[in-house]
Structures are given as structure tokens and as C-alpha cells.
Amino acid sequence: VKALQLLREMVDCRVQRDTFTYNAAVSACEQSGECRQALQLLSEMADCRVQKNTITYSAAVSACEKGGEWLQALQLLREMSGCQVEVSTITYNAAVSACEKGGE
């Protein structure tokens, strides 16, 4: 995914990454069905103390849905509640779809 390469280049060039840049990268992972990479970016955000928001989580849940990772999608919903991040209709729909695809 080209977006991930650009995110890495930002590190190399010492350009600060923020919620917006990570959201773009997580969304790129969602669009290409790269669930594991999206989850890795969420972990990296925590390590770098970059705030996650509804858009971040929604894109990650959608990536999980496309990757058939319904359990992980539900885990992200729980994490959102624990972090007091607003869960949107889009996020719930993606989680429901992930469960449906997983036969749950």
C-alpha cells in the first residue's frame, strides 16, 4: 500500500505524524483489505501517543470486516467504548457486517 510507504517516509524525514495522517493510512488499509496492517497502525498510534478518533476506528473495523476478522472488529468496538470514542452508525454497521460474514 503506497500510503504506508509514505507514512514510513514521514518517519525517515522526521515529519510528525498525527491523527489525520494515520487515519489516511488506516483508510488505505481498509480499502485494500489489509486488516492486520490496519491493526498494526492502531498499535503504532498508541506507541506514538497519537489520538485515535471515530474515523480511525471506523476504518479499522471496516478493514476487519473485509478481512473476515469479526472478533477483532468487536474488540475494536469495546476498545472505543473504553477510550470514550464515539461509536458511529458506520462503525456499528461494519461490525455487524463483519459478524455476518463470519457466520456469527
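Modeller: A disulfide is a pair of cysteine sulfur atoms within 2.5 Å. This is a predicted model: local features need pLDDT of at least 70, side-chain atom pairs need 80 or more, and totals for chains, interfaces and linings use all residues. Residues are numbered from 1 along each chain as its sequence is written, and side-chain values use heavy atoms, without hydrogens or water.

Biologist: How many disulfides does that rule give?

Modeller: A disulfide is a covalent bond between the sulfur atoms of two cysteines. Here the count is zero. The sulfur of Cys64 lies 3.4 Å from its closest cysteine sulfur, in Cys35, too far for a bond. For Cys83 the closest is in Cys64, at 15 Å, also too far.

Biologist: Is Cys64 buried or exposed?

Modeller: Buried means under 20% relative accessible area, exposed over 50%, partly exposed in between (1.4 Å probe, protein chains only). Cys64 has 0%, so it counts as buried. Cys83, at 45%, is partly exposed.

Biologist: At what angle do the axes of H1 and H3 cross?

Modeller: Two packed helices are described by the angle and the distance between their axes. Helices are DSSP runs (H or I, at least four residues), numbered from the N terminus. Axes are lines fitted to C-alpha atoms over the stretch in contact, with angles from 0 to 180 degrees between N-to-C directions. H1 (residues 2–12) and H3 (residues 35–47) have axes that come within 12 Å and cross at roughly 25 degrees. So H1 is roughly parallel to H3 (angles under 35 degrees).

Biologist: Which residues of H1 and H3 make the contact?

Modeller: Contact means heavy atoms within 4.5 Å. Leu4, Leu7 and Arg8 of H1 meet Gln37, Leu41 and Glu44 of H3.

Definitions and conventions: Helix = DSSP H or I, 4+ residues; strand = E, 2+ residues; numbered from the N terminus. Parallel < 35°, antiparallel > 145°, perpendicular 65-115°, else oblique.
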